[in-house]
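Reader: I have a model to look at and I want to know about the gaps in it. Can we start with how its parts are named?

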Amino acid sequence: MQTTDATAIPRVKLLIGGELIDSASSQWRDIINPATQQVLARVPFATQGEVDAAISAAAEAFKTWRKTPIGARARIFLKYQQLIREHMAELAALLTAEQGKTLADAEGDVFRGLEVVEHAAGIGNLQLGELANNVAGGVDTYTLLQPLGVCAGITPFNFPAMIPLWMFPMAIATGNTFVLKPSEQDPMVTMRLAELAMQAGVPAGVLNVVHGGAEVVNRLCDHPEIKAVSFVGSTQVGTHVYNRATQNGKRAQCMMGAKNHAIVMPDANRQQTLNNLVGAAFGAAGQRCMALSTVILVGEAQTWLPELVERSKTLRLNAGTEAGADLGPVVSCSALERIHGLIAAGIEEGATLALDGRNPTVPGFERGNFIAPTLFSDVTPSMRIYREEIFGPVLCVLNAASLDEAIALINANPNGNGTAIFTRSGAAARHFQEEIDVGQVGINVPIPVPVPIFSFSGSRASKLGDLGPYGKQVVQFYTQTKTVTQRWFDEDEVGAVNTTITLK
Ligand code: NAD
């Protein structure tokens, strides 16, 4: 952990019971601008007492929030989406400063979260039960979708606006209260979004934010008052969170790591495909869980490799604040070091480094964590660069003789987050759609993140838990279904034969 003593550096607050609180923690971490290494603020690792206070505030608020009429809940999110729109430029600038992605990508990050807030405003239509009339003579059965209680969310660094907004708006709209633990690498935009949620009318205690790392996360997984845990992040941490939370009897949904493959068929639209590939591989410096980090060129499409390399060179690397930047720096010096280590392993293991983006010069930002688009060809499945998620602007290219060989390769990879096929053949695309075991499937769409009327998904090592974030599935995740079977008797008439049955 880095430490800085300068008292002038702003301190990120906790949000507990509607108050912004300066943590009493003795452990703090610097939040660093990845383009300049400037310390922007310091974030606390909350004490156990502070985490417990946030959970208690949420438990207290639940007593009244759970009974708040649907219309009142929905109107808060109508107001909230308006506030996010009004503050878009401020939120994007904050996000770029602490995370590094370009301002355009930062706006996209906020916007994809905003779409979930808009969806939450329609909660009246989403949280509907079912009714069957006359399941027996004079008997009806219906379901109620009732909130669980206090829910928790743990989010990663790469989408510090979108992913918190995947979680707390739908949890709160369904009548729960929430404790959020943002990434300790870039919590500032998340805090600003929490402040705007309070401004929109989320009552005190309904949304709480605590900061920290493993200890705080473990406390959220252990505390008996927490009923459900949503996690997005790496497979290693997500597996731990899932096991710990479920062993403690909680619901859990964990969206985790990725190694997303694109299949390029020889009949694909060449220019469109090449443009899509470079955008999806290198955009946001490859730090998207849906980045296309692996391309399989099928048959004749293997001759497109030189053009793919040339196209990759055209992307402009710069600080995210600079006009025209296509990709910015990676989030931290340690992330950059790890990426360099994996590139060295790729060379060592015999892959061809067709484009080397290491150690670029970015005028004015010489201290930034920059790496330009990097491309390996002749990659094989046994190599570390294929097996591990690189999470940087590094594209691995493999070859396959047929569509079925490419599908088999993808299905043999442990991860199943996103994938795409590029082809003009409807039959090939349909075959791919049917046979591939991956959560998000794109057909001539490189990053097929579903809009919030659907739910985000994932297969195999990319997801634990049955139900995904947002959409219809998350309403199931954040509610308990109660099934009511009811019967009513007519009033007894004086002198009438009493036909009521006494239940024993
Ligand atoms: P990470 O797993 O390091 O951190 C995620 C969260 O877990 C953070 O809040 C962090 O503080 C906490 N954490 C870290 N170490 C912990 C530990 N030992 N015990 C308990 N909690 C701990 O992930 P990251 O580096 O912030 O994010 C990148 C990862 O997230 C990538 O693997 C990416 O694929 C994945 N991701 C997945 C999705 C998806 O929807 N599948 C979306 C975005 C990111």
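Author: Helices (H or I, at least four residues) and strands (E, at least two) are DSSP runs, numbered from the N terminus. Residues are numbered from 1 along each chain as its sequence is written, and side-chain values use heavy atoms, with hydrogens and water left out. The model is predicted, with pLDDT of at least 70 needed for local features and 80 or more for side-chain atom pairs, while totals for chains, interfaces and linings use all residues.

Reader: ok. How many cavities of 30 Å³ or more are there?

Author: There are two. A cavity is a set of points, on a 1 Å grid over the protein atoms alone, where a 1.4 Å probe fits but cannot get out; a pocket is an open set with protein on both sides within 12 Å along at least five of seven lines, and lining residues have an atom within 4 Å of a point. For volumes, points are joined across faces, edges and corners, and the space filled by probe spheres set on them is taken.

Reader: What lines the second largest cavity?

Author: Its lining is W166, M167, S230, F231, V232, Q253, M255 and P469. Two or more of the lining residues come from each of α6, β10 and β11 (251-255). β10 has the largest share, three residues. The volume of this second largest cavity is about 30 Å³.

Reader: How many of those are nonpolar, polar or charged?

Author: The second largest cavity has six nonpolar lining residues, two polar and no charged. Here Ala, Val, Leu, Ile, Met, Phe, Trp, Tyr, Cys and Pro count as nonpolar, Asp, Glu, Lys and Arg as charged, and the others, Gly among them, as polar.

Reader: Which residues come nearest to the ligand?

Author: T155, K181, E184, S234 and E389, of the 29 residues around the ligand; a residue counts as near if one of its heavy atoms lies within 4 Å. That shell has 17 nonpolar, nine polar and three charged residues.

Reader: What is 2.6 Å from an oxygen atom of the ligand?

Author: A polar side-chain atom of S234. F157 has a backbone N or O atom 3.0 Å from an oxygen atom of the ligand. In N417, a side-chain N or O atom is 3.4 Å from a ligand nitrogen atom.

Reader: Last one. Which residues lie nearest the centre of the second largest pocket?

Author: D105, R112, F159, R288 and I447 lie nearest, among 19 lining residues. Two or more lining residues come from each of α4 (103-120), α6 and α10 (270-282). α4 gives the most, four residues. The volume of the second largest pocket is about 300 Å³, and its lining has ten nonpolar, three polar and six charged residues.

How values were computed. Polar contact = N/O pair within 3.5 Å; in protein donor to acceptor, adjacent residues only side chain to side chain.
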